[in-house]
Amino acid sequence: MDLGIKGKRALVCASSKGLGLGCAEALAAAGVDLVMNARGSEALEAEATRLRSEHGVDVQTVACDVTSVDGQEQVIKVAQDVDILVTNAGGPPPGLWSDWDRDDFIKALDSNMLTPIAFMKALLPGMMGKGWGRVVNITSQSVRAPIPALGLSNAARTGLTGYVAGTARQVAPKGVTINNLLPGIHTTDRADSLDGGVAAQKGISMDEARAERAATIPARRYGTREEFGAACAFLCSQHAGFIVGQNILLDGGATNMTM
């Protein structure tokens, strides 16, 4: 399917690996020029070089921490005229409700709620001025069904979801859509970290920990970054202009709900 976005320009945050990279790959394959961001410059430059070579698109890179004000300013300066925004940031660490204090919650909010909001506030006006734009926020299945050990993520990402619900309806008349993609377990460093914690706690191997978790997913496997990227690219396409303010699960059926 021709996504109708060849020649558009996108900012993809945290895109040197994992789900962010999957989104960047799918957009580049559709002919979209990219602004890629990540904290580490080495992996970022390597992936940018590969995407330029494979797809013939223009790729600019900004290596920085987007959860900091300085990092946000650096990225926004380069990405000011983008048509597409994909926000993404790693989730806070797991734990018990009694483990976290105010500083932990502020850090989680900065990373998983306030940073995406800062990018939307900076870049939505340009999209609205052109009469076309797409925003996709990578959040988590936990906003639909909370994960007890991920209380920091549950709280921060649900706050972002509430912000998007209202904002998406306000910008839609200008041809701009905002939607959220809610990943379940995918083959990423985040999954490795969580599985490693389970393996250590139970005294089992990583393979055993993965097998246990995969068995809880109706699809009986983890998702791939390629699958996730394809879904993101569709939401960024010309064909998704009537999808507004939605929270779309990509979890292999793991979130057990009717609607």
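**Exercise 1.** Work out which residue R210 forms a salt bridge with, and how the two sit in their helix.

*Solution.* Start with the contact: R210 pairs with D207 in a salt bridge (a side-chain nitrogen of Lys or Arg within 4 Å of a carboxyl oxygen of Asp or Glu), and their closest N and O atoms are 3.3 Å apart. Next, placement: they're 3 residues apart in helix α7, so about one helical turn separates them. (Helices are DSSP runs of H or I with at least four residues, numbered from the N terminus.) Last, exposure: D207 is exposed at 57% relative accessible area, while R210 is partly exposed at 27%. The cut-offs are under 20% for buried, over 50% for exposed and partly exposed in between, using a 1.4 Å probe and protein chains only.

A quick word on the model: it's predicted, so local features need pLDDT of at least 70 and side-chain atom pairs count only at pLDDT 80 or more, though totals for chains, interfaces and linings use all residues. Residues are numbered from 1 along each chain as its sequence is written, and side-chain values use heavy atoms, leaving out hydrogens and water.

**Exercise 2.** Find the salt-bridge partner of R213 and say whether the pair is buried or exposed.

*Solution.* The partner is D195, with closest N and O atoms 2.8 Å apart. R213 belongs to helix α7 (residues 206-214) and D195 to helix α6 (residues 189-202), so the bridge ties together parts 18 residues apart in sequence. Both residues are buried.

**Exercise 3.** Track down the partner of R225 and the helices involved.

*Solution.* R225 bridges to E25, at 2.7 Å between the closest N and O atoms. This links distant parts of the chain, 200 residues apart: helix α8 (residues 225-235) holds R225 and helix α1 (residues 18-29) holds E25.
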